[in-house]
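Visitor: I would like to learn how to read pockets and cavities. Please take me through them.

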Amino acid sequence: MKKVFVSLLAVLLLISVGFNPNASFMQKAEATAVYFDYYAKEPVSFYGGRSTATKRYGSIAEDAIVKVKKGSVINGWSEISYKGRAYYVQHDKLSNRAPVYFTYYAVKDFTLYNERHTGTPKVKVPKDAVVKVKQGSVINGWSRIEYNGIKGYAPYSNITKEAAVYFDYYPKEPISYYAGRGTNTKRYGSIAEDTPIKVRKGSVINGWSEILYRGNDYYVQHDKLSNKPPVYFTYYAIQNFTLYNERHTGTPKLSVPSGAVVKVKQGSVINGWSRIEYNGVKGYAPYSYISSQKPGYFVYYANKKTNIYTSASTSSSVKKVISKNEPIKIVKGGINNGWATIADGGGFVLSSDIVNKAFYYARESLAMREYGNINAKQLATIPKGTEVDIINRDQLYEDWVRVRYNGKIGYVSSNYLTLELVAKETPLNKTIVIDPGHGGHDPGAVGNGLQEKDVTLSVGKIVAEKLKQMGYDVHMTRTEDIFLALNERTDFAYSLSPGAFVSLHMNSFSDSNVNGTETYSSGEGTSLTEKEKEESAKLASFIQERLLDAIDTNDRGTKEAEFYVIDKNYTRSVLVEMGFISNPDDANIFKTESGKDKTATAIAQGINDFYNWKN
């Protein structure tokens, strides 16, 4: 009875303190409520109940993550958990999919706003900036946009899917830039000739281009631009002169001393003035103030067999006798009172015995035709060794040249003209000509991502520099990507009377497995003495040996061939086929700076080996 009374008392006590037999179960159920992540499709208000008539507590930003209670959607309203408390929002303003943003680009400067109107500016977005645009967010022409981590709204017309593309152009002359497409808009200034500027793709309208210059957009007349970078050639000042900022003497810029090395822009001569660069400064000066000839002397040619005297008098002793057409270096300004001062080795020659243009002879019996074609009517035969009267010297480096013979005018092949009537030995001086093969519109062999003309020029420049460091006087037939005729290369060498001529090439073959290095000399050249032919072969062997050691290519040996630049040359001449551009392994050597440097070093050492052997 006592136990029953205690139990009853305990029950009454629990009831008196509010015992709920389902309390622990309900607490467990409440603790396991499930929430799903939703996202605000636009700014969404949250309320104290399921109606806009209840208290509004605030707004949740678009894209914000909202916790929606499972099974809580009633009459279009959801219960959410926000900042630790329960609220209610309109369910159709939520999405269960995370927002997707795509990369776009600003087509102009614009402002990002806090809402879809211009009353709430937030951040500035510059033209061409990369922005993120929310998929499906266009409402009344406005989009949800993110820039540098900041989200807001702006008109959809301010952005584009395509990034702005710019191309490099160069002013062909000083060019004004404007605020709009017309000279009646504000002019901001002038851009100097040659300055690289960015032209927006597809922006050419009515002859005007949109450009990006110093970070801003302007407009220029498109016909005053070129998409090709300017090409400059090495020239020399033949007198003291001033470089001007424009093509007139009213804007002096810099003084250039006589003999200075300058760069001259190709095709820049306008009204006798050229675009010239000196010590990194560009300007303008009369073209007559410069020369392509190295300063200090000009090349002349003996117009007959003549004497070189020790002083400006025929009664002085004779130092040397030179043959007709032999080149002579005359000191600049050194022709006075009937005498010319010789630059190399000193001495004097009668000015009446020299001319500034060489004489040409028929290398062999030569057909003169009515016009420049092998099938044209033959007008005459010019005997071997006959001096040929050149009418148009500009054609000397073309296939056919206009000449006069026996009162008739016609055309002969320029390849069958020679500067030496009889081969004579050129002294082994330390002047060397390096001839990078091909150039300009003639790429040479092409393969494995390389062009022969580029490889030969790159290696040639390094060879020249290394030889200069060894004390040689080095000249290159070309230092730029330009085309030279074959006889133009040999005539250039003749004017310098070099001790050696080295032509650089790359080989090619239909079978890409064929590889290796080979070096050629001429065994038949009519302009070379027998001794020069023998020495050419020796020079080839020295270069070949050095190349094999340096770049470890297949040895294809030294050979003889009638390549024009060595067969029709006037001094010791070799042609180096450095490797096969068609073979991947050979080509890879010339794709690296170290490979080109090793090749150039070997060629320079081979040339030096030959000179050491001779001396």
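Visitor: How many residues line the second largest pocket, and which lie nearest its centre?

Guide: This is a predicted model, where local features need pLDDT of at least 70, side-chain atom pairs count only at pLDDT 80 or more, and totals for chains, interfaces and linings use all residues. Residues are numbered from 1 along each chain as its sequence is written, and side-chain values use heavy atoms, without hydrogens and water. On a 1 Å grid over the protein atoms alone, a pocket is an open set of points with protein on both sides within 12 Å along at least five of seven lines; a cavity is a set where a 1.4 Å probe fits but cannot get out; lining residues have an atom within 4 Å of a point. Here 29 residues line the second largest pocket. Lys-320, Glu-326, Pro-327, Pro-427 and Ser-497 lie nearest its centre.

Visitor: What volume does the second largest pocket have?

Guide: A volume is the space filled by probe spheres set on the points, with points joined across faces, edges and corners. For this pocket that is about 590 Å³.

Visitor: Which helix gives the most to its lining?

Guide: Helices (H or I, at least four residues) and strands (E, at least two) are DSSP runs, numbered from the N terminus. Helix H4 (486-496) leads, with four residues. Strands S31 (318-322) and S32 (327-336) each supply at least two.

Visitor: What about cavities?

Guide: There is one of 30 Å³ or more. The largest cavity has a volume of about 30 Å³. Its lining includes Tyr-360, Arg-363, Asn-487 and Asp-491. H4 again gives the most, here with three residues.
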